[in-house]
Amino acid sequence: SSPAISPGCRNTARPPRTARSRKPTEILDLFPRQGQWTEEDYLALPETNHIIELSEGRVVIPDMPTTSHQRAVVELLFLMKNYVQTHDLGEVCVAPLKVHLWPGKFREPDIVFMYRDHADRIGEDYWGVPDLVVEVISPRTPQSSGTEYVDRGEKFIEYAQAGVQEYWLIHPTAPTIEVYVLRNRVYHLLDRWGMGEVARSQVLGGFEISVDAVIQGSESFVR
């Protein structure tokens, strides 16, 4: 029979700690500190459906997108991809997809387009600088701080510095579509369109789309 254990001699040995039982701070210790992330660290992260970006040595995880954001992304992606394929212009892709702007800077735009002549910039793990980028603004909600500050601020400057030729900024709750074109590394507003109007692209020559089709998913109108 097993020997008796007196109250003063209780077995205090602890079971081995598993990953599930570790404290969150111990898990975080397995990763670099914010400000110290390298491209190698970033690219070694496991695959995920979450958007994860690298900026100034920091990993950035934006809030999950809202319904109006996703609706606009789906509608524009379908229409833009159809136009690009019909005219054999290049390739359109959607987030999550890593885009390498310059050493140490990765973003994941909502939609990207690359000319066929620039296909050498497209890799299996990430893209180089696209010819056109689309960001759809997620509005501020009780659960999210929204993305307008970053989309109009940091990313607006970064995409221009990286040489992205055209930047679409879609605000589903305004509702507007703004298109900016690059001249001398600075973005200039091509135009801003609202409901009942037709937005157009300079990079995708001839591509025109109704704002209603993107914002509300109404009957598609694209030239």
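Let's start with Glu-158, which sits in helix 5, the stretch covering residues 154-162. Bear in mind that this is a predicted model. Is Glu-158 buried or exposed? Its relative accessibility is 7%, and because buried means under 20%, Glu-158 counts as buried. Setting aside residues up to four places away in sequence, Glu-158 touches Ser-55, Leu-101, Trp-102, Lys-105 and Arg-107.

Now the wider view. The protein has six helices and 12 strands, and 40% of its 223 residues count as buried. Its accessible surface comes to about 13200 Å², with 50% of that belonging to carbon and sulfur atoms. Looking at contacts between residues at least 6 apart in sequence, 48% of them join residues at least 24 apart.

On to the interior. In soluble globular proteins, nonpolar side chains tend to be buried together. Here the largest nonpolar core has 30 residues, and the ones with the most contacts inside it are Leu-76, Met-80, Val-134, Trp-168, Ile-170 and Ile-177. Several elements each supply at least two residues of this core, including helix 3 (67-86), strand 7 (132-136), strand 8 (166-171) and helix 6 (211-215). Which element gives the most? That's helix 3, with eight residues. Leu-76 is in contact with Lys-81, Ile-111, Val-134, Trp-168, Ile-170, Phe-207, Ile-209 and Val-214, leaving aside neighbours within four places in sequence. Apart from this core lies another, of 18 residues, among them Val-112, Trp-127, Tyr-159 and Tyr-187.

Six of its six residues are buried, so strand 8 is largely enclosed by the rest of the structure. In a regular strand the side chains alternate between the two faces of the sheet. In strand 8 both faces are covered: Glu-166, Trp-168 and Ile-170 are buried on one side, and Tyr-167, Leu-169 and His-171 are buried on the other.

How does strand 8 pair with strand 7 and strand 9? Here are the two pairings next to each other:

| Strand pair | Sense | Bridges | Residues standing opposite |
|---|---|---|---|
| Strand 7 and strand 8 | parallel | five bridges | Val-134 and Trp-168 |
| Strand 8 and strand 9 | antiparallel | six bridges | Tyr-167 and Tyr-180 |

Strand 8 and strand 9 also form a hairpin, with four residues between them.

Notes
Residues numbered from 1 in each chain as written. Predicted model: local features only at pLDDT ≥ 70, side-chain atom pairs only at ≥ 80, totals over all residues. Heavy atoms only, no water. Buried < 20%, exposed > 50% of the residue type's maximum accessible area, 1.4 Å probe, protein only. Contact = heavy atoms within 4.5 Å. Areas by Shrake-Rupley, 256 points an atom, 1.4 Å probe, with all protein chains shown as cover. Core = buried A, V, L, I, M, F, W, Y, C linked by side-chain atoms within 4.5 Å. Pairing = 2+ DSSP bridges.
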